[in-house]
Amino acid sequence: MDFKLQIADLLNSKFKDFSKEEIISMIEIPPNPEMGDYAFPCFRLAKIFRKSPAQIAEDTVKVIEKPDFIKEIKNVSGYINFYIDKTKFAFYVLSEVLDKKETYGSSNEGNGKNIVIDYSAPNIAKPFHVGHLRSTVIGGSIYRIFKKLGYNCIGVNHLGDWGTQFGKLIVAYKKWGSKEAVEKDGIKELMRIYVLFHEKAEKDPSLEEEARKWFTKMENGDKEALDLWNWFKDISLIEFNKVYDLLGIKFDSYAGESFYNDKMDKVIEELEQKGLLKESEGAKIVELEDMPPCLITKKDGSTLYATRDITAAIYRKNTYDFNKCIYVTALAQNLHFAQWFKVIEKMGYDWYKDLIHVPFGLVSMETGKLSTRKGNVVLLEEILKEAIEKTKQIINDKNPNLENKDIIAEQVGIGAVIFNDLSNNRIKDVVFSWDKVLNFDGETGPYVQYTHARACSVLRKANINIDKEKIDYSILTDPASVEVIRLMEQFPEKIKEAANKLEPSFIARYIIDLSQAFNKFYHDNPILVEDEKVKIARLALVYGVKTILYIGLDLLGIKAPEKM
RNA sequence: GUGCCUGUAGCUCAGUUGGAUAGAGCAGUGGCCUUCUAAGCCACGUGUCCGGGGUUCGAAUCCCUGCAGGCACGCCA
């Protein structure tokens, strides 16, 4: 039951000058529960009716017939305030949650349409650090949110698996590496010899030349070069997948840069045929209005970032026939995306408008910019390890008899890291801070997980099946219960907003709000009481909150342990 | 220089698409565990919503302008 819609209908019958959609958009939720559950400001009507807002409100209140779910309608200085009958409100909202359980908030608006989401995209042979985390968790959450709304999501990890750096790596490996060391230390060893290469190359430029030759060999399909490259890639992927498993991230395709090597010529030809390519300083470009030109090939004829992205977009359109293709990358790449989206448009593809760049703010360290070479980064592995370690300490301190300590420490520690990254609007720049990541109090992942575990604990202790027929909803009309129910009602809408704005933080904020409301309820109202009616009603509320917190955490890719 | 992003409490940030008294968390102080998990709850303070104009019955929110910080602007991705 959609109360807002019902009220809109009611108002629409009185104010025929406005469409139902307009009325819906005018209805708001008052800042204070004492002002009612829904409000309709009459100020905009004043001119049309040539009456004061207060007068309109007063007249309207008189003529409206109160439906049974509304307890009272009041006019307060130009607002029409609607007070929903709290018992009925509790009944409609909570019984729906109890019916739908884990599917509460799901919808079929996506109707199986395909959405491609391009996220994470780390460079092979380089370690995963804080900088890569954002794209990974934001993309992962967007994937889950759209899936919840009935879309068919295709997660693509556009791996950075091609380029001259592999020539360098081969040279470094042949000179200073060994099979044993790489097999033993994985990416760390690859990184070590890669950094070593840069140090040596500063004194000996011939190394660069050698690296270029090896890359050329790769491009020409030389077996030795490609075998090494494939090996490096396998080593990297094994390690990336460990991280992805921990973060609850999955992909449907790992088609990275190398995948498009043999597909770009055709696209360049197409650009040529459509008369879009111009030569400029030896390079080939597409000229754009209001923007710097988009570089397609270098003067040596080789391809560029944009060439690959254009090719990949066309490939994805042909392969997945996407409804939307979403790119989760840094805000700094704004211009790049604007440029090649425009090129797609100029090529005459009307689906250019389905390409969406989802930018996020810059990550830096307290000591300045991230720099792998200068060592000014924190590796993700290190962050997760610290967070898990901290969680273990807290468990030993507060709940030493907990079983499966290791598993729960992992779930909570990682939950803290993910939540920390998803709780603010993605556009904000972030400065990495150990204090913040390792703080588990207040608006944090562990706080939500704790609230969930608390709810689970009560349900476990009660050990009864909640019989829906036996619930007396009039018990759930105290302010704390009403606040929880109000929030419950908003959840489905919140998921849609998160999808529309591509903002996982909406979900994160919401489950914080719900947790706060629940903890207040929990504090104010004893649940496991003698009075069977009171007990069942409150347990039903607890169950509802538990369910929504579980779903909400899942949408962020965070586990919800039942004990912690 | 041009373009994009950001500017709200000491710090980190919300702010329901222009509405009623601008809210949380952290940090600080004090209180609450013989009852369901104290990773919790309650109480206490502070605001030039960056400045200046404008639109409007009404602006943190929209428009113009200025300031501050960040980022991007042709052969990296």
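In what order do the three strands of the open sheet stand? They follow the order β1-β3-β2, with antiparallel pairing. The model is predicted: local features need pLDDT of at least 70, side-chain atom pairs count only at pLDDT 80 or more, and totals for chains, interfaces and linings use all residues. Residues are numbered from 1 along each chain as its sequence is written, and chains are lettered from A and ligands numbered from 1 in the order in which they are written.

**View 1. Pairing of β1 with β3.** Four bridges join β1 to β3 (residues 79-84) in the antiparallel sense. F40 stands opposite I80 in β3.

**View 2. Strand β9 and its parallel partners.** Of the seven residues in β9 (residues 324-330), five are buried (20 or more other C-beta atoms within 10 Å of the residue's own, C-beta atoms being placed from the backbone). Strand β4 (residues 114-118) runs parallel to β9 and is joined to it by four bridges; D118 stands opposite Y327 in β9. Six bridges pair β9 with β10 (residues 355-360), also parallel, and L355 in β10 is the bridge partner of C325.

Terms used. A residue is buried if 20 or more other C-beta atoms lie within 10 Å of its own, exposed if 12 or fewer, and partly exposed in between; C-beta atoms are placed from the backbone. Helices (H or I, at least four residues) and strands (E, at least two) are DSSP runs, numbered from the N terminus. Two strands pair if DSSP finds at least two bridges between them.
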